[in-house]
Amino acid sequence: MEEKIYFSDSYGKPISEQDSMNKFHKAYEENGVIRKIEAYEVNVLMDIEYFLDDNENTDTVLAKLTEHVKRFVTLGRRKEYGKYTIVKSSQFSKGKVLFKACELVDENNNVICIQVLDWKTEEPILESTEKYIIDDKGYDIAFFNYNDEGKFKSLTGSIVSELSVFIREPLYEIEEVNKYLPNLFQEYPYYRNATFLPEILTL
């Protein structure tokens, strides 16, 4: 099994090992897939994000990683759904769960939805949902929030700010979005509400 190691700064920008100074991330790749990301501060391992295989036991892996990290361990499992990847993760501190979340990742490896889960029931907390439209260069151009019923709450981002200096940001009503961006929800119906998966997919 081939392993590759990559270094990046806190913003994910690639750097060399020689350039890594006070803060850096170290990512481990196996067979083209990221398996582990380590976050260092002044050469101290602060956090670990680790992606579990189907046959790996959460408690066993957590106990092993907790021995080496100073702050947080985040364990995630990936599932493929069509052209998307669902990443379900839990973050721990000293072995105790802090929060659980799901991410939806598109075919270009962009996170387009993040949803916090109730850590006991694992049901989605709808008002925690954040959705993003990513442009061809990998930048977030639209950022959506939702209320506790999962209905549209607000839209921010360059897609709004670049319309006009006279249009306030964020836009708070669907009617406002339809007024200034009349084709947005027709082109991107996924963003009308907090539903985690696009309609073409079911869990």
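1. Helices (H or I, at least four residues) and strands (E, at least two) are DSSP runs, numbered from the N terminus. The model is predicted: local features need pLDDT of at least 70, side-chain atom pairs count only at pLDDT 80 or more, and totals for chains, interfaces and linings use all residues. Residues are numbered from 1 along each chain as its sequence is written, and side-chain values use heavy atoms, with hydrogens and water left out.

2. Ser93 lies in strand S7. Its relative accessibility of 22% makes Ser93 partly exposed, where buried means under 20% relative accessible area, exposed over 50%, and partly exposed in between (1.4 Å probe, protein chains only). The C-alpha atom of Ser93 is separated by 6.5 Å from that of Val73, 20 residues apart along the chain. Contact means heavy atoms within 4.5 Å; when neighbours within four places in sequence are set aside, Ser93 is in contact with Arg71, Phe72 and Leu98.

3. Ser90 also belongs to strand S7. Ser90 is buried because its relative accessible area is 16%. Beyond its neighbours within four places in sequence, Ser90 is in contact with Val73, Thr74, Leu75, Val97, Phe99 and Lys100.

4. The pairing around S6 deserves attention. Two strands pair if DSSP finds at least two bridges between them. Strand S5 (residues 44-52) pairs with strand S6 (residues 72-81) in the parallel sense over six bridges, and Tyr50 stands opposite Leu75 in S6. S6 is joined to strand S7 (residues 84-93) by nine bridges, and these two run antiparallel; here Arg78 stands opposite Val87 in S7. S6 and S7 form a hairpin with two residues between them, and Gly82 in the turn has a positive phi of about 60°.

5. Which residues of helix H1 (residues 58-66) are buried? They are Val61, Leu62 and Leu65. These residues are on the same side of H1 because they cover an arc of only 100° around the axis, the arc being that of the directions from the helix axis to the C-beta atoms. S5, S6 and S7 are among the elements that cover the buried residues of H1. The face of H1 turned away from its buried side carries the exposed residues Asp59, Thr60 and Lys64.

6. Most residues other than glycine have a negative phi. Asn43, in the loop between strand S4 (33-41) and S5, has a positive phi near 65°. With a relative accessible area of 62%, Asn43 is exposed. Asn109, in the loop between strand S8 (96-105) and strand S9 (111-117), has a positive phi of about 70° although it is not a glycine. Asn109 counts as exposed at 63% relative accessibility.

7. The second largest pocket has a volume of about 640 Å³. Of the 25 residues that line this pocket, Tyr84, Ile112, Tyr188, Tyr190 and Tyr191 are the closest to its centre. On a 1 Å grid over the protein atoms alone, a pocket is an open set of points where a 1.4 Å probe fits, with protein on both sides within 12 Å along at least five of seven lines; lining residues have an atom within 4 Å of a point. A volume is the space filled by probe spheres set on the points.

8. Strand S10 (residues 130-134) gives the most to the lining of the second largest pocket, with four residues. The lining divides into twelve nonpolar, four polar and nine charged residues. In this division Ala, Val, Leu, Ile, Met, Phe, Trp, Tyr, Cys and Pro count as nonpolar, Asp, Glu, Lys and Arg as charged, and the others, Gly among them, as polar.
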